[in-house]
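Let's take a friendly walk through this model, starting from a single side chain and then stepping back to the whole chain.

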Amino acid sequence: AFYSSISTSTSLIRDSEKLKDTALLLWNIKRKILSAQKIYLEKDKLFMITSAGDYYEGVIKCAYIYKNRILYYYEFPYPYGDIRFYEEDKLIKLGRYERLSFGVYEDGNLLDSFLGLPKMVYIRLEDKELFIKNIP
């Protein structure tokens with residue numbers, strides 16, 4: 001009984017930490033999207049020119065890249081150049097996720113690629129769905 005209680009507690013702590021990390025990640029992505037001046041997305045990549053950077057102040061370029069079930073983050077201190085540019089060796093590993101995709105709702109259609117400032121961004125992370133509405 002004691003071992004079972006310890007095992008259950010450990011599992012609960014691990015699940016709580018994962019839920020907390022997921023909530024913080026989604027909040028941080030939302031913060032960037034709502035501050036974005038321009039967004040480019042593909043199903044497994046989200047690039048932004050935004051003023052909500054994690055490492056740099058002012059307007060920055062950032063990216064979320066999902067590959068091989070790992071989510072990475074990239075940030076560049078200047079919003080110049082191709083919005084899709086990132087340096088592979090400067091990607092920051094955020095975590096492992098079995099399922100992640102980005103999309104945009106425009107005129108009632110879900111698009112898995114987009115350039116501009118969408119009315120609504122859709123994020124699917126594991127079993128969570130987040131709809132972020134841009135208010136012009």
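Leu 26 is buried, with a relative accessible area of 13%; buried here means under 20% relative accessible area, exposed means over 50%, and partly exposed lies in between, with a 1.4 Å probe and protein chains only as cover. This is a predicted model, in which local features need pLDDT of at least 70 and side-chain atom pairs count only at pLDDT 80 or more, while totals for chains, interfaces and linings use all residues. Residues are numbered from 1 along each chain as its sequence is written, and side-chain values use heavy atoms, leaving out hydrogens and water.

Where does Leu 26 lie? Its place is in helix H1, residues 2-34. Helices (H or I, at least four residues) and strands (E, at least two) are DSSP runs, numbered from the N terminus. Setting aside neighbours within four places in sequence, Leu 26 is in contact (heavy atoms within 4.5 Å) with Ile 123, Leu 125, Lys 128 and Leu 130. Leu 26 and Glu 129 are 103 residues apart in sequence, yet their C-alpha atoms are 9.6 Å apart in space.

Now step back to the chain. Its secondary structure comes to one helix and 10 strands, and from the N terminus on the order is α-β-β-β-β-β-β-β-β-β-β. Among the contacts in the chain with a separation of 6 or more, 40% are between residues 24 or more positions apart. Of the 136 residues, 37% count as buried. Along its principal axes, the C-alpha trace spans about 60 × 35 × 25 Å.
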